[in-house]
Amino acid sequence: MTVTVVVPTFNEGPNVRTLTERLCAAFGVLPDDGRASGAPHGPEGGPAPVGAPELAEILFVDDSTDDTPDLIRAVAATAPVPVRLLHRETPQGGLSGAVVAGLRTVSTEWAVVMDGDLQHPPELVPALVTRGRESGLDIVVASRYTGDGDAGGLDGWWRHGVSIGSALLARSMFPVRLRNVTDPLTGFFATRVDRLDLDALHPRGFKILLELLARNTLAVGEEPFVFGERYAGHSKATFKTGLRYLEQLAALRFGRMSRFAIIGGLGAVLNILILWALTGLGMHYVVAAVVSAVVTILTNFLLQERFVFRDLRNEGRGVWSRFAHSFAFNGTEAAIRLPVLWWLVEYTGMWPVLVQAVTLVVAFLLRFVFHVQVVYKPRRTQPKIGVTPPVGADRADERVQ
């Protein structure tokens with residue numbers, strides 16, 4: 001049973017050699033044996049147990065802006081196992097996107113995903129795979145919060161608290177999918193590659209395991225591990241990382257239409273509040289409705305760009321074209337809605353704020369369909385009839401051994 005270890009890296013050069021050496025030692029691949037005999041070895045170089053996993057290759061998926069790729073190549077030149085580099089010049093999806101890009105190239109039955117900072121102990125990798133095989137699991141999660149696991153490598157009580165709270169929030173939002181998982185945010189796990197539907201994933205940020213568990217039906221088990229101190233470099237976690245995590249949770253739990261609805265709901269509340277405030281100041285309700293419509297159209301467009309359609313922004317139209325189409329549709333919709341507002345208020349005596357709220361709800365579905373099918377319509381992924389894309393046009397894979 002062969003294993004590929006997938007390591008996403010971003011400016012982790014000082015850790016590469018030590019990580020490679022420790023992985024090789026964990027699988028009993030010693031620098032002086034060169035695996036010349038072809039026989040599997042144990043951790044101390046002796047015979048490996050029957051059925052023990054064998055390290056096939058180490059794959060570094062690198063988004064670095066420093067000399068990390070050169071250091072990986074230098075390590076690959078002398079490593080006793082194949083070391084492969086997949087360097088992404090234009091990273092998509094952050095660390096999660098790097099993991100998915102790596103998994104797409106894996107040819108072994110099992111893959112282990114781990115960070116490149118040595119906070120995930122390489123010595124545990126064979127045990128994760130063995131547990132998965134012996135227990136018939138699809139994925140084995142290395143957890144800091146089960147058994148003898150420990151999150152001691154996190155910096156300070158604040159990071160501990162955020163980690164525990166974030167995991168609890170994820171488990172609360174996915175109580176069935178995560179019922180066997182205590183640490184859904186870990187970046188250390190083993191998986192049977194053929195059990196993953198990689199095309200169903202929408203990777204973003206750091207939490208690829210949560211994406212895998214939420215979008216695939218998998219048999220899951222856990223193994224405890226102690227989260228170690230960072231060997232070199234510095235943490236990439238920021239406040240923006242936390243916001244992306246919340247966005248990922250919302251996307252997984254609620255989907256695009258729900259996020260669109262949430263923003264639309266916030267826009268409707270803002271619209272009504274502006275209308276209420278301006279009419280309270282003595283402005284005519286029609287003028288106040290125009291002002292509130294313009295403000296909320298601009299606000300909703302910015303929020304939709306960031307939280308609803310971010311993955312489609314590079315698919316078709318440019319930003320100004322998207323804005324023009326969005327503003328034109330919403331302006332047209334408002335131009336139609338305002339006469340309706342006027343007629344209902346003037347001829348039925350209904351309260352302007354109530355009429356505004358009702359007409360906004362009615363307009364929601366039309367607005368969503370227009371934005372998906374026109375403003376952010378994705379480009380075709382299949383060539384038109386008679387057009388053949390060049391071979392290897394989307395490949396950026398470099399093998400070094």
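**Entry 1: strand β5**

I started with how β5 pairs with strand β6 (residues 189-192): the two are antiparallel, over 3 bridges. Strands are DSSP E runs of at least two residues, helices H or I runs of at least four, both numbered from the N terminus. Two strands count as paired if DSSP finds at least two bridges between them. Ile139 has Thr191 as its bridge partner in β6.

I then looked at strand β7 (residues 220-224). It pairs with β5 in the parallel sense, over 5 bridges. There, Ala142 has Glu223 as its bridge partner.

Is β5 enclosed or open? Buried means under 20% relative accessible area, exposed over 50%, and partly exposed in between (1.4 Å probe, protein chains only). In β5 (residues 139-143), 5 of the 5 residues are buried, so the strand is largely enclosed by the rest of the structure. I checked the side-chain directions too. Ile139, Val141 and Ser143 point one way, Val140 and Ala142 the other, and all are buried. In a regular strand the side chains alternate between the two faces of the sheet.

A note on what I am reading. This is a predicted model, where local features need pLDDT of at least 70 and side-chain atom pairs need 80 or more, while totals for chains, interfaces and linings use all residues. Residues are numbered from 1 along each chain as its sequence is written, and side-chain values use heavy atoms, with hydrogens and water left out.

**Entry 2: strand β2 and its partners**

I moved to β2 (residues 54-62). This strand is mostly covered, with 7 of its 9 residues buried. Strand β1 (residues 2-9) pairs with β2 in the parallel sense over 8 bridges. Strand β3 (residues 83-87) also runs parallel to β2, joined by 5 bridges.

Phe60 is worth a look. Its bridge partners include Val7 and, in β3, Leu85. From β2 the chain crosses through helix α2 (residues 68-78) to β3, and this β-α-β crossover is right-handed. Right-handed here means that, with the strands pointing away from the viewer, the path from the first strand over the helix to the second runs clockwise.

**Entry 3: annotated spans**

I looked up the UniProt record. Its unreviewed entry puts "transmembrane region" on residues 260-279, 285-303, 323-345 and 351-370. Such annotations may be inferred rather than shown by experiment. In the model, residues 260-279 are 100% helix, with end C-alpha atoms 28 Å apart. Residues 323-345 are also 100% helix, with their end C-alpha atoms 31 Å apart.

Helix α8 (residues 285-307) has 23 residues and reaches 31 Å from first to last C-alpha, close to the 33 Å expected at 1.5 Å a residue. The expected span is 1.5 Å times one less than the number of residues.

Which rings pair with Phe301? I used the ring rule: centres of Phe, Tyr or Trp (six-membered) rings within 6.5 Å, with planes under 30 degrees apart stacked, over 60 edge-to-face and the rest tilted. That rule gives 8 aromatic pairs. In one of them, Phe301 and Phe323 have centres 5.2 Å apart and planes at 75°, so the pair is edge-to-face. Phe301 lies in α8 and Phe323 in α9 (residues 319-348), so the pair ties together parts 22 residues apart in sequence. Phe301 is buried at 5% relative accessible area. Phe323 is partly exposed at 23%.

Phe323 also pairs with Phe327, tilted, at 5.7 Å and 35°. Phe301, Trp320, Phe323 and Phe327 form one aromatic cluster.
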